[in-house]
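Please keep the sequence and the model in view while reading.

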Amino acid sequence: MSLRPRDLAGAIVALAIAAVFIRLGFWQLHRLAERKAQNAVIAAARAQPPVELPEHNFRADVVRDRRAHARGTYDYVHERVWKGRTYDGAPGVALLTPLRLADGSAVFVDRGWVPSPDAMHVDAIRYREGDSADVTGLALPA
């Protein structure tokens, strides 16, 4: 029995497709290993004690994925609204408020999600807390 050229071409195409899929499988395994290594670095950073702000160096490589602790005064004048947030399917926004630290620097504090019918506008004054704050959270450098 001899192979027709069309059958031979089909077999070659099938083998090429199989080779591509095998290569993609190894690529996915490589990505998994990279992700596990990255997750281990993040977990180690989060296991460390909180960074004290502003006493500690503010460099992004020092505070990335670390817990941070800060005391200061909320600057409601420069508060931002992070539009288009949802919570359990309900539309809303997140309030991002600068916290002015003792040295004059500031960090944004995500004070949380609040409901908003259009997920764009909210009466932020209604959600103001006291002026001074003592916060601990995850540091995510911009």
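How many helices and strands make up the secondary structure of the protein? The secondary structure comes to 2 helices and 6 strands, where helices (H or I, at least four residues) and strands (E, at least two) are DSSP runs numbered from the N terminus. The model is predicted, so that local features need pLDDT of at least 70 and side-chain atom pairs count only at pLDDT 80 or more, while totals for chains, interfaces and linings use all residues. Residues are numbered from 1 along each chain as its sequence is written, and side-chain values use heavy atoms, with hydrogens and water left out.

**Overall form**

- From the N terminus on, the elements run in the order α-β-α-β-β-β-β-β.
- The radius of gyration of the protein, taken over C-alpha atoms, is 26 Å, whereas a compact globule of 142 residues would have a value near 14 Å, according to a rule of 2.2 Å times the number of residues to the power 0.38.
- Along the principal axes, the C-alpha atoms fill a box of roughly 90 × 40 × 20 Å.
- Among contacts with a separation of 6 or more, residues 24 or more positions apart account for 50%, a contact being heavy atoms within 4.5 Å.

**Surface and burial**

- The accessible surface comes to about 10,300 Å², of which 61% belongs to carbon and sulfur atoms; accessible areas come from the Shrake-Rupley method with a 1.4 Å probe, and for residues only the protein chains shown count as cover.
- Of the 142 residues, 24% count as buried, a class that means under 20% relative accessible area, with exposed set at over 50% and partly exposed in between (1.4 Å probe, protein chains only).

**Helix α1**

- Asp7 has its place in helix α1 and is partly exposed, with a relative accessible area of 33%.
- The C-alpha atoms of Asp7 and Ala44, which stand 37 residues apart along the chain, are separated by 56 Å.
- Ile17 is found in the helix α1, which spans residues 5–47, and counts as partly exposed because its relative accessibility is 44%.
- Ile17 also belongs to a nonpolar surface patch, formed together with Val13, Val20, Phe21, Leu24 and Trp27, that has about 580 Å² of accessible area in total.
- Patches are made of residues with over 30% relative accessible area and no salt bridge, with like charges joined within 9 Å and nonpolar side chains (Val, Leu, Ile, Met, Phe, Trp, Tyr) within 5 Å; a salt bridge is a side-chain nitrogen of Lys or Arg within 4 Å of a carboxyl oxygen of Asp or Glu.

**Arg111 and its surroundings**

- Arg111 is found in strand β5, residues 106–115, and is buried, with a relative accessible area of 17%.
- A polar atom of the Arg111 side chain lies 2.9 Å from the backbone oxygen of Tyr127.
- Not counting residues up to four places away in sequence, Arg111 touches Tyr74, Tyr76, Glu79, Leu95, Thr97, Tyr127, Arg128 and Glu129.

**Backbone features in the loops**

- The peptide bond from Leu53 to Pro54 is cis, with omega near 0 degrees, and Pro54 has its place in the loop between β1 (51–53) and α2 (60–63).
- Asp88, found in the loop between β3 (80–87) and β4 (90–100), has a phi near 50 degrees, a positive value in a residue other than glycine, and is exposed at a relative accessible area of 74%.
- Ala119, in the loop between β5 and β6 (132–138), has a positive phi near 55 degrees and is buried, with a relative accessible area of 14%.

How values were computed: A polar contact is a pair of N or O atoms within 3.5 Å; within protein, one must be able to donate a hydrogen and the other to accept it, and residues adjacent in sequence count only if both atoms are side-chain atoms.
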